[in-house]
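Please read the points below alongside the coordinates.

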Amino acid sequence: MMSLLPVHRRTHSLFPELTDWLGVFPTIENMRPLVQGRLLRVEDEMSEGRYLVRAEMPGLDPDKDVTITVRDGVLTIKAERGERQETKGRSEFSYGSFVRSVALPAGAKEDDIAASYDKGILTISVPVAEVAVPAEKHIAIKSS
């Protein structure tokens with residue numbers, strides 16, 4: 001006796017399915033080495049009542065290429081790089097822009113922010129006042 005099991009057949013249409021189209025593109029993880037040079041690496045820490053943000057920005061002119069802004073507790077660093085290299089009648093242009101925003105901690109004094117640039121490292125220093133932490137409250141649970 002022969003059993004009849006349903007057979008699933010994939011029909012082929014003139015237009016591929018969306019998943020077939022997306023399979024052509026590389027994953028974000030595989031693209032990481034391609035864009036790694038375009039990222040703005042930032043580190044932050046609290047030290048002696050100051051919030052410090054450091055960004056690696058070698059080869060940039062901080063007066064022309066870098067803008068730092070603060071609004072509503074968010075510090076934003078913008079940088080634009082443009083390079084031109086000429087060798088034996090051939091020239092190459094390279095451009096890139098970077099933007100990175102970080103939330104300032106509670107008590108940050110936005111009117112007293114200082115920035116410095118030394119050996120390719122941008123350092124931003126934000127004084128932070130001690131903020132009183134509200135006491136923990138316990139909430140009673142009513143059962144029905």
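1. Asp 112 is partly exposed, because its relative accessibility is 44%. Asp 112 sits in the loop that runs between strand S5 (90-103) and strand S6 (114-118). Note that this is a predicted model.

2. Asp 112 also belongs to a surface patch of negative charge, together with Asp 72, Glu 110 and Asp 111. Membership in such a patch requires over 30% relative accessible area and no salt bridge; the 44% computed for Asp 112 can be read against that cut-off.

3. On the overall layout, the protein chain has three helices and seven strands. Their order along the sequence is α-α-β-β-α-β-β-β-β-β. Of its 144 residues, 18% count as buried.

4. Salt bridges: the model has three of them. Side chains of opposite charge can pair when their charged atoms come close.

5. Arg 41 pairs with Glu 56, with 2.7 Å between the closest N and O atoms. Arg 41 is exposed, at a relative accessible area of 53%, while Glu 56 is partly exposed, at 40% relative accessibility.

6. A salt bridge also links Glu 43 and Arg 54, at 3.7 Å from N to O. Since Glu 43 belongs to strand S1 and Arg 54 to strand S2, the pair ties together parts that are 11 residues apart in sequence. Glu 43 has 41% relative accessibility and counts as partly exposed. Arg 54 is likewise in the partly exposed class, with 24% relative accessibility.

7. Arg 54 has a further partner in Glu 45, and their side chains form a salt bridge of 3.0 Å, N to O. Through shared partners, Glu 43, Glu 45 and Arg 54 are joined into one network. Glu 45 is partly exposed, with a relative accessibility of 35%.

8. Is Ser 125 buried or exposed? Ser 125 counts as buried because its relative accessibility is 13%, and the cut-off for that class is under 20%. Ser 125 is placed in strand S7 (residues 121-127).

9. What does the side chain of Ser 125 contact? The partner is the side chain of Arg 50, in a polar contact of 2.5 Å.

Terms used:
Residues are numbered from 1 along each chain as its sequence is written. This is a predicted model: local features need pLDDT of at least 70, side-chain atom pairs count only at pLDDT 80 or more; totals for chains, interfaces and linings use all residues. Side-chain values use heavy atoms; hydrogens and water are left out. Patches are made of residues with over 30% relative accessible area and no salt bridge: like charges are joined within 9 Å, nonpolar side chains (Val, Leu, Ile, Met, Phe, Trp, Tyr) within 5 Å. Accessible areas come from the Shrake-Rupley method with a 1.4 Å probe; for residues, only the protein chains shown count as cover. A salt bridge is a side-chain nitrogen of Lys or Arg within 4 Å of a carboxyl oxygen of Asp or Glu. Lys and Arg count as positive and Asp and Glu as negative; His and the chain ends are not counted. The place of a charge is taken as NZ of Lys, CZ of Arg, CG of Asp or CD of Glu. Helices (H or I, at least four residues) and strands (E, at least two) are DSSP runs, numbered from the N terminus. Buried means under 20% relative accessible area, exposed over 50%, partly exposed in between (1.4 Å probe, protein chains only). A polar contact is a pair of N or O atoms within 3.5 Å; within protein, one must be able to donate a hydrogen and the other to accept it, and residues adjacent in sequence count only if both atoms are side-chain atoms.
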